[in-house]
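Open the structure in your viewer and keep the selection panel at hand. The stops below say what to select and what to look for.

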Amino acid sequence: MTDISQASDVFTAGADALAEARRHQRIQQRRARISAIMRYAILFGVGLVMLYPLIWLVGASFKTNAEIFANPGFIPREPTTEGYVQGWETSTPYTFGRFFWNSFLIILPKTIGTAISCTMVAYGFARFDFPLKKLLFSSVIAILLLPNVVTRIPQYILFRELGWLDSFLPLWVPSAMAGDAFFVFMLVQFLRAIPDDMEQAARVDGCNSWQTLLFVVVPMLAPALISVCLFQFMWTMNDFLGPLIYISSVDKYPVSLALKLSIDTTEAFEWNRILAMSVLTITPALAVFFMAQKYFIEGISAGGIKG
Amino acid sequence: MTRKRALGLIYLSPYIIGLMAFTAIPFIASFYLSFTDYNLMRSPKWTGLENYIKLFTSDRTFRRSLSVTLLYVFLTVPLKLAFALFIAYILNYKLRCINLFRTAFYVPSILGGSIAIAVLWRYIFATEGLVNMVLAWFGIEPVNWFGDPTNALFTITLLRCWQFGSAMVIFLAALQSIDKSLYEAAAIDGASKLRSFVFITIPLITPVIFFNLIMQMVQAFQEFNGPYIITQGGPLKSTYLLPLYIYDEAFKRFDMGYASAIAWVLFLIIMALTLVAFWSSKKWVFYAGDKRS
């Protein structure tokens with residue numbers, strides 16, 4: 001008899017424990033669901049607050065001037081392309097097309113120069129031994145942290161002496177000399193993670209180091225190089241201080257300066273022109289980002305980045 | 001071997017020339033210029049410590065600008081990092097559409113320093129702009145975002161905090177690399193979410209916090225586009241950050257010597273704070289083994 005009562009005790013205790021465990025599980029599930037809902041709510045709320053200004057910008061660029069400061073909504077009541085048409089003309093003898101072309105003329109050589117020089121330098125750091133290597137590599141880190149503000153004035157004086165003011169050279173040349181330490185650093189990190197077996201094999205097959213670089217290393221570096229080019233494109237597109245200091249004639253203005261000029265010269269109530277040109281100014285960067293976002297996110301996670 | 005040694009230096013040659021011409025020599029030259037009077041017309045005239053004495057004794061603009069800059073940096077950096085970490089923490093969970101959210105939060109950083117964004121800021125924070133229109137729905141009186149000296153700096157700070165995306169992506173990568181079993185062990189021991197965040201998450205991501213802190217600080221000290229476009233340093237110089245002052249002295253008044261002295265003061269402040277961060281990092285940054293760095 002005692003055995004049976006003991007067994008039933010054990011049994012009821014087991015059933016209680018099971019019920020307790022189930023209840024616990026239900027509570028946990030409910031908690032997990034509430035916490036998931038909270039997370040989505042926060043993310044969605046923050047996302048809306050963050051992106052709405054940009055969405056509003058696009059909508060507002062199609063509004064009439066009277067509506068911009070009266071309607072917080074996205075959809076214009078009387079859509080008009082007046083802002084784009086008049087903004088494109090600008091108050092200068094040139095259209096915005098000219099300024100986009102200037103931006104392109106700055107970006108293209110600068111990006112190509114960056115890609116070539118940084119690849120060479122990163123290859124040198126990652127695959128060769130030479131005197132002062134440690135010191136030189138520390139200088140890369142030092143440049144990474146060095147505030148530009150301290151070298152800007154002598155650089156200006158230097159370019160002035162060289163007669164480069166009001167040309168694109170001050171914007172091109174420092175980058176084409178692997179001056180953007182961040183890219184060098186990123187490529188060196190990338191190269192160090194790749195074993196050099198393939199390069200050894202190429203060497204044995206009679207390639208010299210330049211051929212190895214061009215036919216073996218560059219293809220392997222391709223994803224990192226794409227990141228480099230994309231970042232350089234975006235930064236140059238957004239760069240304002242560089243052109244502000246070095247470019248003085250309007251016919252050489254890139255879009256960033258042209259936009260500032262149109263704020264200064266447009267009459268006080270022609271808001272939609274400025275907003276329309278702002279939309280055009282950010283479009284290339286956004287388009288590139290959405291086409292190649294994988295490379296951006298990888299680039300930042302790999303090297304850490306400003307911005 | 002000797003051939004190989006020379007080869008390495010040949011590959012580095014563009015960098016070495018660039019380092020000399022555009023960084024090392026300008027760096028020294030700027031130090032020299034800070035002790036001179038130089039307006040580009042006549043050759044630099046040595047004036048000893050005069051620029052620095054003037055800066056710290058009689059230049060009220062400098063004093064104002066310096067305090068505004070420090071305030072801006074101490075507001076922007078912690079706010080931006082805390083927000084970036086908060087969002088990264090929420091994203092680091094098995095959520096659907098995590099990539100979508102990550103992309104959405106990163107978009108403002110992409111547009112970063114673009115003039116168009118500063119222009120947008122001018123419009124949405126205008127007295128009759130979007131922000132005040134939305135506030136009116138909640139019955140809040142319109143705020144004078146740019147006209148009031150106390151608000152103006154805060155509005156510029158918001159612009160930078162809005163661009164928390166890149167710091168967030170770095171935090172998220174660090175959070176994702178944390179071993180999940182640590183949290184499970186802590187949960188079994190009865191630790192709450194908050195406790196495991198403070199005692200597991202934070203210590204493990206200190207290297208990334210440190211990295212973000214340095215990068216954001218160096219960058220914040222050099223903020224130029226935002227105040228230049230949005231407020232032109234006003235009202236009452238309440239957003240007149242040191243880079244704006246340096247720009248005006250150097251490229252508007254062409255007082256290169258004086259501008260160099262300001263630049264050097266700014267540089268030394270950044271250096272000092274970076275060194276303090278590095279020195280203190282031995283106490284609070286945790287590098288676990290050899291897997292993480």
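Which residues gather in a patch of positive charge on the surface? Select A:R22, A:R26, A:R30 and A:R33, and the patch is in view. Bear in mind that the model is predicted.

Next, show chain A and chain B together. How many residues does the contact take from each chain? Chain A gives 88 residues and chain B gives 93 residues. Between them, the two chains bury about 8200 Å², and carbon and sulfur atoms account for 79% of that area. On the chain A side, select A:R39, A:L43 and A:M50, the residues that lose the most area to chain B. Together these three make up 9% of what that side buries.

For the last stop, select A:D251 and A:R98, which form a salt bridge with their closest N and O atoms 3.9 Å apart. The pair links distant parts of the chain, 153 residues apart. A:D251 is in the loop between α11 (241-246) and α12 (255-265) of chain A, and A:R98 is in helix α4, residues 96-127 of chain A.

Note on methods:
Residues numbered from 1 in each chain as written. Chains lettered and ligands numbered in written order. Predicted model: local features only at pLDDT ≥ 70, side-chain atom pairs only at ≥ 80, totals over all residues. Heavy atoms only, no water. Patch = residues over 30% accessible without salt bridge, like charges linked within 9 Å, V, L, I, M, F, W, Y side chains within 5 Å. Areas by Shrake-Rupley, 256 points an atom, 1.4 Å probe, with all protein chains shown as cover. Salt bridge = Lys/Arg side-chain N within 4 Å of Asp/Glu carboxyl O. Lys, Arg positive; Asp, Glu negative; His and termini not counted. Charge placed at Lys NZ, Arg CZ, Asp CG, Glu CD. Contact = heavy atoms within 4.5 Å. Buried area = accessible area lost by both parts, 1.4 Å probe. Helix = DSSP H or I, 4+ residues; strand = E, 2+ residues; numbered from the N terminus.
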